[in-house]
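Subject: Structure handover

Hello,

Here is the structure I promised to pass on. Please open it beside this email and follow along.

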Amino acid sequence: MIQSTVVPILSLCLLATAFSDDVLRSRKPEVIERDICIIGGGSSGTYSAIRLQQMNKTVALIEKEDRLGGHVDTYVDPVTEQTLDYGVVVWENVSIVRDYFAHLDVPLSDVMLGEAPVSLYADFAHVSEVSPDALTTGNITAGFASYLAQLARYPYLTNGFNLPNPVPEDLLLPWGDFIKKYDLDAIAFAVYSYNQGMGNILAQPTLYVLKYFTASTAIGAFTGGFVTTAHHNNQALYDRALERLGSSALISTHVIKIKRDRKGMEVLTSGPNGLKLIKAQKLLITIPPKLANLKFLDTDPIERAIFGQFNSSYYWNSIIKGSQVPDNTSITNVDVAAPYGIPALPGPYALGYTGVPGLHTVYYSSPYPISDEAVKSDIIAKHANLVELFGYGPATTTPEFVGFQGHNPYELTVSADAIRSGFYGKLESLQGRRRTWWTGAAWQTQDSSAIWNFTETVVLPQLCQ
């Protein structure tokens, strides 16, 4: 990906201090007036901008990267122009998805996630082969039926975090304890595989696992209830959205400072065409609301007290080219000595089959922050071990990363005690406060289909009042 335009350090330091009259006079930002300013052009921000445009609202969508799309990543082969999605791969086959794609004239096709022609298993950390039978701990179909029965006890989890008071204690159990309590051993590894990016999933409160692995996802895993773009180019959705939004979308643009008051807000930004001062009636923030991400915002003590409780996991997706592992083969990371075969992280989930000659995917997660360079080094080292373990070589060549993205911070969570003490009620109370609304994965889950539904049914009706 082309890196975003870099703002000179001196300018950033000057502008981040305040909206001083001297700075504004000397820099002369272009003033733009809009109904709503949206921070973040990922899944929720782009959807919001398009829907508000349909509602005849004027918007300014601010995105720091040079494209819209967030977690969507599409590799385009420079020779064949064949495309491969390796970020967001599928969506749920529901009306809100179909309507959104239809509005942007991006055709969809049905898809079922399948296994590679050759599926192998290995303990990546201890460099040993693992038998496929090692993960067989029961009837997986019955296991999913039991899981769905548990999920049905909490229908309010479908849209947002509208938790009852008191919060059911089962939702606060570590996921590993919930598995034991309800005999879900048979599906433990499958849920871990689908809920990628959660770090140490067995330690996470069950609430987050149930939110992530929804009934539609579980059913889709068996029935193929997913869709993707007909041309296997999910970036096309966001490219089309960028065309529709035109000058209302400011990409490669950084937010310098936001000032809010009872009349509205002023958003000072810096991008390829210089400084812009956006004056808007309302603000919609769609980026992960950790305090480190909100340094540009004039947060108050209430906002800081709430957002300061968020923890997060970390997640990377990548494509490597030139592996000695055969194109038709995937190798999944399993630790038979660990509970349910789930390996300790940080580490890769698998070396994945793509169906494209010469390419494999590698998805990687960590419960704590590590550098992109450390992730790449670990992937290369483990790849070399696998090549030798399965007799494909010695590893005489080093694969090339032709796609690599860190999506961090990823899954935002709080402790069981915080949930029990009403954290999500306090979080919800921020909607509309200081003329600011919020959406994104932290308010729903890591699922674009679910985020769009939450945005459509909860956030936009309030925002447009």
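Is Arg 420 buried, exposed or partly exposed? Arg 420 is partly exposed, with a relative accessible area of 37%. The cut-offs are these: buried means under 20% relative accessible area, exposed means over 50%, and partly exposed lies in between (1.4 Å probe, protein chains only).

A word on the source before the rest. This is a predicted model, so local features need pLDDT of at least 70 and side-chain atom pairs count only at pLDDT 80 or more, while totals for chains, interfaces and linings use all residues. Residues are numbered from 1 along each chain as its sequence is written, and side-chain values use heavy atoms, with hydrogens and water left out.

Salt bridges

A salt bridge here is a side-chain nitrogen of Lys or Arg within 4 Å of a carboxyl oxygen of Asp or Glu. The count is 16 salt bridges.

Start with Glu 169 and Arg 420. Their side chains form a salt bridge at 3.1 Å, N to O. This pair links distant parts of the chain: Glu 169 is in helix 6 (residues 169–172), Arg 420 is in helix 14 (residues 416–420), and they are 251 residues apart. Helices (H or I, at least four residues) and strands (E, at least two) are DSSP runs, numbered from the N terminus. Glu 169 is partly exposed, at a relative accessible area of 46%.

Arg 420 also forms a salt bridge with Asp 417, with the closest N and O atoms 2.7 Å apart. These two sit 3 residues apart in helix 14, so about one helical turn separates them. Asp 417 is exposed, with a relative accessible area of 54%.

Next, a network. Salt bridges that share partners join Arg 260, Asp 298, Asp 300, Glu 303, Arg 433 and Arg 434. Within it, Asp 300 and Arg 433 form a salt bridge, their closest N and O atoms being 2.8 Å apart. Asp 300 lies in the loop between strand 13 (274–285) and helix 12 (301–307), and Arg 433 in the loop between helix 15 (423–428) and strand 21 (436–438), so the pair ties together parts that are 133 residues apart in sequence. Asp 300 is buried, at 13% relative accessible area. Arg 433 is partly exposed, at 25%.

Sheets

Strands of a sheet pair through backbone hydrogen bonds, either parallel or antiparallel. Two strands pair if DSSP finds at least two bridges between them.

Strand 5 is joined to strand 9 (residues 226–229) by 2 bridges. Trp 91 has Val 227 in strand 9 as its bridge partner.

Another open sheet has 7 strands in the order 8-7-16-17-18-15-19, with mixed pairing. Its edge strands are strand 8 (128–129) and strand 19 (400–406). Strand 15 (residues 314–321) runs antiparallel to strand 19, with 6 bridges between them. Trp 316 stands opposite Gly 406 in strand 19.

Hairpins

Strand 12 (residues 264–271) is mostly covered, with 7 of its 8 residues buried. Strand 11 and strand 12 make a hairpin with 2 residues between them. Arg 260 has Met 265 in strand 12 as its bridge partner. Strand 12 and strand 13 are also joined by a hairpin, through 2 residues. Gly 271 stands opposite Gly 274 in strand 13.

Best wishes
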